[in-house]
Amino acid sequence: MKTTFAVLFLATIALESNNKFSQAFVPSKASPFGSLATRNAKVDIAHENSHGKKATFYPSSSLKTSLHMVFESTDEIELDVEERMGKSIDSLKSNLVTIRTGRANPAILDLVKVDYYGVPTPINQMASISVPNSQQLSISPFDKSTLGNIEKAIVESGLGLTPSNDGTVIRINIPAITEERRKELLKQCKAMGEDGKVAIRNVRRDGVEAVKKMEKAGDISEDESKGAQDNLQKLTDKFVKEVDKIVTTKEKEVMTV
């Protein structure tokens, strides 16, 4: 009787322990590799991706579970990499549009944030922006009490613009760009392009590491791993060329008098 009770007791403990481990196992999308969270082991991924997220991996010696929880195939990795590289291109375009070219363009104010009751708010969400002529922008706030804050935000934006406020509308005359200023803007364009390339290469690095982890875990063969890494390099080359094309187009705009 005592032996039977002991066996049942040990079986119950084993079942409870297994349930606790299952509940503690949580896949995460914070990194391209996923993560584990257990009560008895500190588990993350030691890595910094293009978004600047960092973590540390301290695996328990008894933890044998594979870490590539997000991706089930190399196709998924390639799709994720392509999507993230595309977002890097979108970010580059958004940044470049803020560089003024001597002609009035409402987009140069896209990144200017106004303190609206303590909340940084884009101007285009607080006012209508029109282009009366090629050298002027007109800003008409929905709430006239925000005129002063909008004007201040533009002055402090570093865009080199001088707004004028008549109590109802803010007007910005776009000055002609000097040759010296054009050279400075060209440097900004090149710098933004390089930042875009770095972001794209960081995404490639994430993808390659995810592929290598799948290979190490035995989920894909060495040939499949090599093929996937080659595809990631092709994606990288494609998007880097797109960066060059976008930057070159912007440089031509800056140089156009």
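In the predicted model, Tyr117 has a relative accessibility of 69% and is therefore classed as exposed, the threshold for that class being over 50%. Tyr116, in contrast, reaches 30% relative accessibility and so falls into the partly exposed class. The description of a pair of aromatic rings rests on the distance of the centres and the angle of the planes. A single aromatic pair is counted in the model; it is formed by the rings of Tyr116 and Tyr117, whose centres lie 4.8 Å apart and whose planes meet at 70°, so that the arrangement is edge-to-face. Across the chain as a whole, which comprises 257 residues, 36% of the residues count as buried.

The chain contains five helices and six strands, and these elements follow one another from the N terminus in the order α-α-β-β-β-β-α-β-β-α-α.

Four of the strands are arranged as an open sheet in the order β3-β4-β6-β5, with antiparallel pairing. Its edges are formed by β3 (127-133) and β5 (163-165), each of which pairs on one side only. On average, and with direction ignored, neighbouring strands of this sheet are turned by 25° against each other. In general, the strands of a sheet pair through backbone hydrogen bonds, in either a parallel or an antiparallel manner. For β3 and strand β4 (residues 136-141), the pairing is antiparallel and extends over five bridges, and Ile129 is found opposite Ile139, a residue of β4. Helix α3 (residues 147-155) lies across β3, β4, β5 and β6 (170-173), and the helix runs at about 165° to β5.

A further packing arrangement involves helix α4 (residues 179-216) and helix α5 (residues 222-255), which pack at an angle of about 170° with their axes 9 Å apart. Because angles over 145 degrees are assigned to this class, α4 is roughly antiparallel to α5. The residues that make up the contact of α4 with α5 comprise 14 nonpolar, six polar and 12 charged residues.

Methods:
Residues numbered from 1 in each chain as written. Predicted model: local features only at pLDDT ≥ 70, side-chain atom pairs only at ≥ 80, totals over all residues. Heavy atoms only, no water. Axes fitted to C-alpha atoms, helices over the stretch in contact; angles between N-to-C directions. Helix = DSSP H or I, 4+ residues; strand = E, 2+ residues; numbered from the N terminus. Parallel < 35°, antiparallel > 145°, perpendicular 65-115°, else oblique. Nonpolar A, V, L, I, M, F, W, Y, C, P; charged D, E, K, R; others polar. Phe/Tyr/Trp six-rings, centres within 6.5 Å; stacked < 30°, edge-to-face > 60°. Buried < 20%, exposed > 50% of the residue type's maximum accessible area, 1.4 Å probe, protein only. Pairing = 2+ DSSP bridges. Contact = heavy atoms within 4.5 Å.
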